[in-house]
Amino acid sequence: MPEQSMPEQSVAQAKTAGRRRSWRRSRVMRRLMRNPAALAAMATLVILTLIAIFANVLAPHDPNHVDLQNRLLAPGAGHLLGTDELGRDVLSRVLVATRVDLLASLQAVGLALVVGVPLGLLAGYAGGVGDAILSRIIDALMTLPPLMLAVVVVAILGPGLRNAMIAIAVLIVPSFYRVARGSTQSVAGELYIESARASGCSSWRILWRHILPGIAPPLLVQISFSASVVIVAEASLSFLGLGARAPQATWGLMLQEATASITTSSYLIYPPIVMVAITILAFSQLGDGLRDALGRQSNEGK
């Protein structure tokens with residue numbers, strides 16, 4: 001049989017690598033499905049997503065309707081979670097806040113992905129002076145106190161939920177950069193990458209068609225953990241008055257408003273705290289499940 005040319009070898013090896021990645025993804029998914037904690041986390045996140053989508057339908061009252069005659073009502077038949085200091089229905093505000101917080105988390109994580117992953121890909125693949133400079137900048141960012149850095153960014157941009165999400169994205173960009181850079185350096189040494197490079201594939205094509213799919217699993221784990229960090233950071237900034245602005249409903253802002261009446265109406269503080277805790281736990285458990293499944297898969301492949 002005639003020997004295959006270099007381009008033909010590259011195509012064959014790329015297809016083989018693609019089949020190997022598909023097989024590994026299916027194995028990881030099966031392992032994830034056998035993890036009860038991860039399944040519970042996924043079910044919880046699905047429920048939270050449905051609540052966010054249908055918040056306006058599920059809310060029994062207008063979340064921003066002020067009714068001073070019914071202010072600080074204890075939980076009861078008319079208001080299942082009571083009313084706040086302005087007479088607004090707490091349950092309705094919690095439901096709407098679910099949508100706001102999940103969208104805010106999506107914005108911050110998405111922005112961090114858009115910035116951190118391409119920089120990590122380029123630094124890990126190209127190396128050299130560019131890699132050294134970017135790595136020093138990222139290391140400098142990671143040495144700064146996270147909350148202080150977020151406060152500084154919000155102070156520069158101005159208070160508001162969008163600016164708070166930009167500040168939080170700045171905080172989590174280094175984690176995505178480091179994951180993308182380290183994974184790229186590992187994948188770049190694979191034989192099919194060398195064959196693609198030798199066959200004349202452009203660096204752009206190698207990065208986006210070959211390396212990026214190979215580093216997707218660790219990025220998924222990082223997304224799960226970063227989403228939980230964003231939820232905590234948003235609640236902290238809103239609690240400090242640097243995030244969402246009234247009358248917008250977020251869990252952090254609801255916590256801030258509840259502290260004004262905590263001695264007489266302590267029930268106001270529990271709904272946002274419970275929602276924050278449930279969401280953080282769900283994202284963290286999903287991240288742990290993904291990490292365990294990927295770790296065991298990696299160990300089996302050695």
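Val152 is found in helix 6; helices here are DSSP runs (H or I, at least four residues), numbered from the N terminus. The model is predicted, so that local features need pLDDT of at least 70 and side-chain atom pairs count only at pLDDT 80 or more, while totals for chains, interfaces and linings use all residues. Residues are numbered from 1 along each chain as its sequence is written, and side-chain values use heavy atoms, without hydrogens and water.

With a relative accessible area of 40%, Val152 is partly exposed, a class lying between buried (under 20%) and exposed (over 50%), for a 1.4 Å probe and protein chains only. Val152 belongs to a nonpolar surface patch of about 700 Å², whose other members include Leu111, Met148 and Ile166. Such a patch joins nonpolar side chains within 5 Å, from residues with over 30% relative accessible area and no salt bridge (a side-chain nitrogen of Lys or Arg within 4 Å of a carboxyl oxygen of Asp or Glu); accessible areas follow the Shrake-Rupley method with a 1.4 Å probe. Helix 6 (146-157) and helix 4 (90-126) each supply at least two patch residues, and helix 6 gives the most, with 4.

Leu171 lies in helix 7 (residues 161-187) and is partly exposed at 24%. Beyond its neighbours within four places in sequence, Leu171 is in contact with Pro146, Leu149 and Ala150, contact meaning heavy atoms within 4.5 Å. Its C-alpha atom is separated by 8.4 Å from that of Ala112, 59 residues apart along the chain.

Note on methods:
Patches are made of residues with over 30% relative accessible area and no salt bridge: like charges are joined within 9 Å, nonpolar side chains (Val, Leu, Ile, Met, Phe, Trp, Tyr) within 5 Å.
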